[in-house]
Amino acid sequence: MTHAPQFLFDFGSPNAFLSHEAIPAIETRIGVKFEYVPILLGGIFKATNNKSPAETLAGIKNKREFQAVETERFLKRFNVQPYVWNPFFPVNTLNLMRAAIAAQIEGVLEQYVEAAFHHMWREPKKMDDPEVAMKAIASSGLDAQKLFARAQEGEVKARLIKNTEEAVARGAFGSPTFFVGNEMFFGKEQLREVEETVSGK
């Protein structure tokens, strides 16, 4: 039986956004849908003593330049458009990720993920401002009021914590992280390996 690949994501990661953009074509090729798993990147960083690339690349000669080259290769390989840098970065994604859990419960996760990524990395906004986020999500045709209200429920908060803790327990230390069964892949560049693993190549 083919395992559905899991995509552990946080809207605050531009590389998670690029992965999201590449996934539909991969799903078509492998005939399997990815399972989207909302996690809190800040929680993972805290639990693993990790830091964002913005911090880890600071002052390292050639590393940031190589990452730019690698991103260009990714865009060509997967035929996706680059993100638009969010001028408000870093954005606190806690409420956005809780609302993703709420959207999952409400059965609108796919639409919500599309909307939230769009307003983070296509038409960037200050998505940790509740009013801005509500307006943005509503403009994408979702019941933002309902989702952000549910985001404050204990069950929703607990599920996001559980997803994040389980991710760390399975070996995750950042986003995007992918799992095929128990096999972990980290970073957007690993999507090729994810596809090959699912395809049995």
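What sits over the ring of Phe179? Select Phe179 and Arg170: the charged end of Arg170 sits over that ring, 3.7 Å from its centre. For a charge to sit over a ring, NZ of Lys or CZ of Arg must be within 6 Å of the ring centre and within 35 degrees of the ring normal. Now pick Lys188, which lies over the face of Phe74, at 5.8 Å from the ring centre.

A quick word on what you're looking at. This is a predicted model, where local features need pLDDT of at least 70 and side-chain atom pairs count only at pLDDT 80 or more, while totals for chains, interfaces and linings use all residues. Residues are numbered from 1 along each chain as its sequence is written, and side-chain values use heavy atoms, leaving out hydrogens and water.

**Next stop: the sheet**

Switch to cartoon view and look for four strands in an open sheet, ordered β2-β1-β3-β4, with mixed pairing. β2 (35–38) and β4 are the edge strands, each with a single partner, so one side of each has no neighbour in the sheet. Neighbouring strands here are turned by 25° against each other on average, direction ignored. (Those angles are between N-to-C directions, from 0 to 180 degrees, of lines fitted to C-alpha atoms.) Strands are DSSP runs of E, at least two residues long, and helices are runs of H or I, at least four, numbered from the N terminus; two strands pair if DSSP finds at least two bridges between them.

Zoom in on β3 (residues 177–180) and β4 (residues 183–186), which pair in the antiparallel sense over four bridges. Thr177 has Phe186 as its bridge partner, and Phe178 stands opposite Phe185. Two residues lie between the strands of this hairpin, where Gly181 takes a positive phi near 65°.

**Last stop: the rings**

Rings of Phe, Tyr and Trp (its six-membered ring) pair if their centres lie within 6.5 Å; planes under 30 degrees apart are stacked, over 60 edge-to-face, and the rest tilted. That rule gives 17 aromatic pairs. Select Phe9 and Tyr36: they're edge-to-face, 5.6 Å centre to centre with 65° between the planes. Phe9 lies in β1 (residues 6–9) and Tyr36 in β2, so this pair ties together parts 27 residues apart in sequence.

Now try Phe34 and Phe178, also edge-to-face, at 6.5 Å and 80°. Phe34 is in the loop between α1 (14–30) and β2, with Phe178 in β3, 144 residues apart. Both are buried, meaning under 20% relative accessible area with a 1.4 Å probe, protein chains only (exposed is over 50%, partly exposed in between).
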